[in-house]
Amino acid sequence: MNSPFSDTARIDALALAVGEKAASLFSHRKLLCAEAILVAINETFGQPVSEDLAVGMAAGLTAGLGDRGCLCGAVAGACAGLGIVCSRGDHAATRAAVRRESAAIHEAFTARHKSSCCRVLTKPVKNDASAHMAQCAALTGYGAELAVLSILRLRPELLDCPEAARSGEKRVCSRVRWLLSLFCR
């Protein structure tokens, strides 16, 4: 893909696009935090699993791990999305690399929001449904952005979809190019 934009700009644009998609899936009450991230990541990177399976895999990760208010579903969903994309195919990352990137997701999220605990994050907005919804949509979007950044650190070829990519990844190329076209004009 010939682009006048640097890889960093293209990566950032893709991360932003996927984050906006995940936030939109959450905001329109189609999916909860972790579910929205897994669906957005899954669609962007060639649907390694069915949408039903992506939603099912993330169902227990929402609302602080099964409505317990512990780990924010945006962090859990981001790490699960990273694992789905980066642990498959000929270019599979090692489990240790996925764990390191999951730690980086957690650290970046916590650095920005001062917590990764759903209960702590939502306490200031728990009595305001509209503010709660807006905050969680923003957290969902940010989690998806972090997942994309981690995925592309482990699988940078997914940004350009080289000829060596598996035949099953052809859809990845078209989806990534389409998302990038929204931001890199």
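User: In this predicted model, what kind of crossing does α5 make as it passes α8?

Analyst: The crossing of α5 past α8 is right-handed. Helix α5 covers residues 73-86 and helix α8 covers residues 129-154.

User: Why is α5 called roughly parallel to α8?

Analyst: The two helices pack at an angle of about 30 degrees, and their axes lie 8 Å apart. Angles under 35 degrees count as roughly parallel, so α5 is roughly parallel to α8.

User: Which residues of α5 and α8 meet, and what is the class make-up of the contact?

Analyst: From α5, A74, A78, G81, L82, V85 and C86 meet L139, T140, G143, A147, S150, I151 and L154 of α8. By class, this contact has 9 nonpolar, 4 polar and no charged residues.

User: What makes E101 a buried residue?

Analyst: E101, in helix α6, has a relative accessible area of 12%. Buried means under 20%, so E101 is buried.

User: How do you know that the side chains of E101 and S150 form a polar contact?

Analyst: The contact between these side chains is 2.8 Å, and the cut-off is within 3.5 Å. Leaving aside neighbours within four places in sequence, E101 is in contact with L82, S150, R153 and L154.

User: Why is S116 called buried?

Analyst: S116 is found in the loop between α6 and α7. Its relative accessible area is 13%; buried means under 20%, so S116 is buried.

User: With which side chain does the side chain of S116 make a polar contact?

Analyst: The partner is the side chain of H106, at 2.9 Å.

Note on methods:
Residues are numbered from 1 along each chain as its sequence is written. This is a predicted model: local features need pLDDT of at least 70, side-chain atom pairs count only at pLDDT 80 or more; totals for chains, interfaces and linings use all residues. Side-chain values use heavy atoms; hydrogens and water are left out. Axes are lines fitted to C-alpha atoms, for helices over the stretch in contact, and angles run from 0 to 180 degrees between N-to-C directions. Helices (H or I, at least four residues) and strands (E, at least two) are DSSP runs, numbered from the N terminus. Angles under 35 degrees count as roughly parallel, over 145 as roughly antiparallel, 65 to 115 as roughly perpendicular and the rest as oblique. A crossing is left-handed if the near helix is turned anticlockwise from the far one by less than a right angle, and right-handed if clockwise. Contact means heavy atoms within 4.5 Å. Ala, Val, Leu, Ile, Met, Phe, Trp, Tyr, Cys and Pro count as nonpolar, Asp, Glu, Lys and Arg as charged, and the others, Gly among them, as polar. Buried means under 20% relative accessible area, exposed over 50%, partly exposed in between (1.4 Å probe, protein chains only). A polar contact is a pair of N or O atoms within 3.5 Å; within protein, one must be able to donate a hydrogen and the other to accept it, and residues adjacent in sequence count only if both atoms are side-chain atoms.
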